Amino acid sequence: MVKLTFDPLMLPIDNVAGELALSPERLNAAWLRQRFVQPPVWQPEKTDERLRLQTQQVEPTAASVLMPIVLRDEGLTLLFTQRTAHLTDHAGQVSFPGGRAETYDTSPIETALREAEEEIGLPREQVEVIGTMPEYFTGTGYRVTPVVGLITPPVEFKADADEVAEIFEVPLAFLMDGLNHQLRTLDLPDGYRRTFYTMPYDRFFIWGATAAMLRNLFHLLRA
């Protein structure tokens, strides 16, 4: 069972990434669609989690998450879930809807859509999938495919009370600003030093794998 033995919010901020915010001209559905149709050359960030997984020679478990961009009139948002406290993996953490792949899933996209439907009641026919991001390897042994989808309101969400404590949205403009990307470092008892991103917003603390996937989205959209 993977449980946190530390509070990431209490760790000091080492640095702020600090890149310029994504220009407002890029924060619309048409531009996002075109970016995934014709992506530029860009590089995902190298992460401590993948390097550690390679040294442990662990075969990762396939999984997918949906990165749901909601097309609100007042501006685009990204939807997140706060996981319930009793879950085996990443209990209580902020995440995207998603989970491990099942044998009957036909693709990573199918996994993401199925999991989103199960976790937050989002009908898959209301998701316009515009692309996928590079696989992300977590320190808990998952190989995650992020699937980016556009959601056009009106839409109603219904949380699976067993897995999701809360559903909330964050302005995409806030997340696509390097001034809101903090770096923190944790020294583990086995001598391993882990550096990770955090993106606190309001009363929510986005960090770890979720923040790392957001950093990759940021790199793709600003390239």
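Predicted model: local features only at pLDDT ≥ 70, side-chain atom pairs only at ≥ 80, totals over all residues.
Residues are numbered from 1 along each chain as its sequence is written. Local features need pLDDT of at least 70, side-chain atom pairs count only at pLDDT 80 or more, totals for chains, interfaces and linings use all residues, and side-chain values use heavy atoms, with hydrogens and water left out.

The protein contains five helices and 12 strands, taken as DSSP runs (helices H or I, at least four residues; strands E, at least two) and numbered from the N terminus. Of its 223 residues, 48% count as buried, that is, under 20% relative accessible area with a 1.4 Å probe, protein chains only.

A search of the whole structure finds five aromatic pairs, in which rings of Phe, Tyr and Trp (its six-membered ring) have centres within 6.5 Å; planes under 30 degrees apart count as stacked, over 60 as edge-to-face and the rest as tilted. The ring centres of Phe80 and Phe168 lie 5.6 Å apart with planes at 20°, so this pair is stacked. It joins distant parts of the chain, since Phe80 belongs to strand E3 (residues 75–83) and Phe168 to strand E9 (residues 164–171), 88 residues apart. Both Phe80 and Phe168 are buried. Together with Phe96 and Phe204, they form one aromatic cluster.

Helix H5 covers residues 208–222. Of its 15 residues, 14 are buried, so H5 is largely enclosed by the rest of the structure.

Key: Buried < 20%, exposed > 50% of the residue type's maximum accessible area, 1.4 Å probe, protein only. Expected span 1.5 Å × (residues − 1).
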